[in-house]
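Please open the structure in your viewer and keep the selection tool at hand. The stops below each say what to select and what can be found there.

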Amino acid sequence: MLDDRKIKVLYAVIDSYLLTAEPIGSRTISKQYDLGVSSATIRNEMSDLEDLGYLNKPHTSSGRVPSDKAYRLYVDQILKAKKLKIDMNKKEEIKRITY
């Protein structure tokens, strides 16, 4: 299971990659996102995410790119958040009708 910091780093990599279509390095993440940790910590988290299959490293000296597994997690979380919003709206609608 991924802890909060790994998820934040992963989402930052995915967001950056979607914008640039270029491998993303830890320094880029530390500059563009306020994660409250150093680029070395981000680099370690990215290495862990690579070991877990969420990131790929196209070249030895390059940054990392999201894997299919990472995109699946990202999309599932978006759909989960959207479903929760829909469920909450339905709940409010039912309350209005029944009261």
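A polar contact here is a pair of N or O atoms within 3.5 Å; within protein, one must be able to donate a hydrogen and the other to accept it, and residues adjacent in sequence count only if both atoms are side-chain atoms. The model is predicted, so local features need pLDDT of at least 70 and side-chain atom pairs count only at pLDDT 80 or more, while totals for chains, interfaces and linings use all residues. Residues are numbered from 1 along each chain as its sequence is written, and side-chain values use heavy atoms, with hydrogens and water left out.

Select aspartate 3, which caps the N-terminal end of α1 with a side-chain oxygen 3.2 Å from the backbone nitrogen of arginine 5. Helices such as this are DSSP runs (H or I, at least four residues), numbered from the N terminus. Just after α1, alanine 21 takes a positive phi of about 55 degrees.

Next, select tyrosine 11 and tyrosine 74, an aromatic pair with 5.3 Å between centres and 85 degrees between planes, which is edge-to-face. Rings of Phe, Tyr and Trp (its six-membered ring) pair if their centres lie within 6.5 Å, and planes under 30 degrees apart count as stacked, over 60 as edge-to-face and the rest as tilted. Tyrosine 11 lies in helix α1 (residues 4-20) and tyrosine 74 in helix α4 (residues 68-98), so the pair ties together parts that are 63 residues apart in sequence.

Tyrosine 11, at 22% relative accessibility, counts as partly exposed, whereas tyrosine 74, at 18%, counts as buried. Buried means under 20% relative accessible area, exposed over 50%, and partly exposed in between (1.4 Å probe, protein chains only).

Key. Helix = DSSP H or I, 4+ residues; strand = E, 2+ residues; numbered from the N terminus.
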